[in-house]
Amino acid sequence: MTGKAPAARKPPANAHGARSRLGRVLLVRHADAGERAQWIGPDRDRPLSAPGRAQSELLAASLARNPVERLVSSGYVRCVETFVPLGGRLGLLTETAGWLEEGADPEKALTALLVGGSVAACSHGDVVSGILFELAERGIALGSSPRMQKGSTWVLDVQDGAVKSARYLPPPD
């Protein structure tokens with residue numbers, strides 16, 4: 001035994017001999033927050049419902065198995081609350097980003113998510129569906145009828161800043 005630490009594993013080389021940058025994006029639609037029409041007050045302040053809080057706990061148990069370096073979320077309360085249990089399990093704080101809020105440009109959101117590393121991102125139905133549309137335009141297979149239920153996740157495998165594959169995880173139950 002020499003006392004030397006084992007050599008760090010390098011990512012695989014691509015066809016040109018350069019090292020590939022691998023990452024994963026966990027794109028989450030926020031957990032259940034009840035009915036928008038029944039909420040009194042600004043919609044961005046609408047919290048998770050009781051079923052949504054339970055859903056966020058199950059989501060955390062499922063997603064914590066993935067290598068996640070950052071949590072980023074829409075600043076809407078229901079999105080931030082969706083990641084509270086996951087942040088607790090991973091020891092990470094959730095960053096908020098305007099590019100994940102309702103009405104945000106999905107292409108800009110996708111570009112921001114592909115910067116590098118492994119990230120879990122929580123957003124809204126319109127942004128998630130827009131990102132899925134953008135991925136389909138880029139030739140990523142999403143299945144014949146892509147879904148995006150509340151509390152669901154799209155796992156996007158990334159290599160060299162581009163999504164290489166996507167798979168759907170239904171909301172945990």
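E101 is buried, with a relative accessible area of 18%; buried here means under 20% relative accessible area, exposed means over 50%, and partly exposed covers what lies in between, with a 1.4 Å probe and protein chains only. This is a predicted model, in which local features need pLDDT of at least 70 and side-chain atom pairs count only at pLDDT 80 or more, while totals for chains, interfaces and linings use all residues. Residues are numbered from 1 along each chain as its sequence is written, and side-chain values use heavy atoms, with hydrogens and water left out.

Let me stay with E101 for a moment. E101 forms a salt bridge with R44, and the closest N and O atoms are 3.0 Å apart. The criterion for a salt bridge is a side-chain nitrogen of Lys or Arg within 4 Å of a carboxyl oxygen of Asp or Glu. E101 lies in the loop between β3 (94-96) and α3 (106-113), and R44 in the loop between β1 and α1, so the pair ties together parts that are 57 residues apart in sequence. Helices (H or I, at least four residues) and strands (E, at least two) are DSSP runs, numbered from the N terminus. R44 counts as partly exposed, at 35% relative accessibility.

By this rule, the count of salt bridges comes to eight. One of them joins D157 and R24, with the closest N and O atoms 2.8 Å apart. Since D157 belongs to strand β5 (residues 153-159) and R24 to strand β1, this pair ties together parts that are 133 residues apart in sequence. R24 is partly exposed, at a relative accessible area of 22%. Another salt bridge links R70 with E95, at 3.1 Å between the closest N and O atoms. R70 lies in strand β2 (residues 70-73) and E95 in strand β3, so parts 25 residues apart in sequence are tied together. R70, at 30% relative accessibility, counts as partly exposed, and E95, at 37%, also counts as partly exposed.

I turn now to R46. Where is R46 found? R46 is in the loop between β1 (22-29) and α1 (50-63). R46 is buried, with a relative accessible area of 4%. A network of salt bridges links D43, R46, R78 and E102. The side chains of R46 and D43 are joined by a polar contact of 2.9 Å. A polar contact is a pair of N or O atoms within 3.5 Å; within protein, one must be able to donate a hydrogen and the other to accept it, and residues adjacent in sequence count only if both atoms are side-chain atoms. The R46 side chain also reaches the backbone oxygen of G34 at 3.2 Å. Neighbours within four places in sequence aside, R46 is in contact (heavy atoms within 4.5 Å) with residues including A33, E35, W39 and V77.

Finally, the sheet. In what order do the six strands of the open sheet stand? The order is β3-β2-β4-β1-β5-β6, with mixed pairing; two strands pair if DSSP finds at least two bridges between them. β3 and β6 (162-169) stand at the edges with a single partner strand each, so one side of each is left without a neighbour in the sheet. β2 and β3 pair in the parallel sense over three bridges, and V72 has E95 in β3 as its bridge partner.
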